[in-house]
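Student: Could you take one part of this model and walk me through it closely? I'd like the cut-offs spelled out as you go.

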Amino acid sequence: MEAEILKILSIVMLTMLKFIAGPTLGFAGGFSLLSTILITITGMMCSVFLFTFLGDFLKEKVFGRFFKKKRKFTKRSRQFVTIWKKYGIVGVAALTPIIFTPIGGTILLSSMGTPKKTIIFVMLLSAVFWACFFSSIIYFFGMKILPDFMQ
């Protein structure tokens, strides 16, 4: 029982950093498809909640003390603005598990002034869709598409 809880918590924590870790490690850990989907959604949404509600605090109190003020218009900030203008809120949320990490997508939406409720809603929809999609692909084709060490 304790081993299962530790396994679930480790997958959730890794999914907070990289979305694809949830479906692949859930499959490798021997969890059911539904459990893997729920673990993956939980991991992404923990990251979304953390950076949505604590993002301003972390930026001001933690990072503000250790890092100098950076230029506002850098190549990276221009890329974020371009993505924002091209795809909007829904597009950024949809691209978060594929291109951005859950942290990156949440920070991008927060930095553009998106309301917190909207961030949580669109990121939840994105997490549910992509968790179902990736988990289903991995569970149905897992032995053919995953590396040998994960089988």
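Student: Is the crossing in which H3 passes H6 left-handed or right-handed?

Tutor: It's right-handed: H3 passes H6 that way, meaning the near helix is turned clockwise from the far one by less than a right angle. Before the details, some ground rules: this is a predicted model, where local features need pLDDT of at least 70 and side-chain atom pairs count only at pLDDT 80 or more, while totals for chains, interfaces and linings use all residues. Residues are numbered from 1 along each chain as its sequence is written, and side-chain values use heavy atoms, with hydrogens and water left out.

Helices here are DSSP runs (H or I, at least four residues), numbered from the N terminus. H3 covers residues 33–53 and H6 covers 102–111; they pack at about 35 degrees with axes 9 Å apart. Those axes are lines fitted to C-alpha atoms over the stretch in contact, and angles run from 0 to 180 degrees between N-to-C directions. On the H3 side, Met44, Ser47, Val48, Phe51 and Thr52 make the contact (heavy atoms within 4.5 Å). H6 brings Pro102, Ile103, Thr106, Ile107 and Ser110. Sorted by type, the contact has 6 nonpolar residues, 4 polar and no charged; nonpolar means Ala, Val, Leu, Ile, Met, Phe, Trp, Tyr, Cys or Pro, charged means Asp, Glu, Lys or Arg, and the others, Gly among them, are polar.

Now H3 itself. The buried residues of H3 include Ile41, Met44, Met45, Val48 and Phe51, where buried is under 20% relative accessible area, exposed is over 50% and partly exposed is in between (1.4 Å probe, protein chains only).

Finally, look at Thr96, in the loop between H5 and H6. Thr96 counts as buried because its relative accessibility is 0%. Beyond residues up to four places away in sequence, Thr96 touches Met44, Thr101, Pro102, Gly105 and Met123.

Conventions: Helix = DSSP H or I, 4+ residues; strand = E, 2+ residues; numbered from the N terminus.
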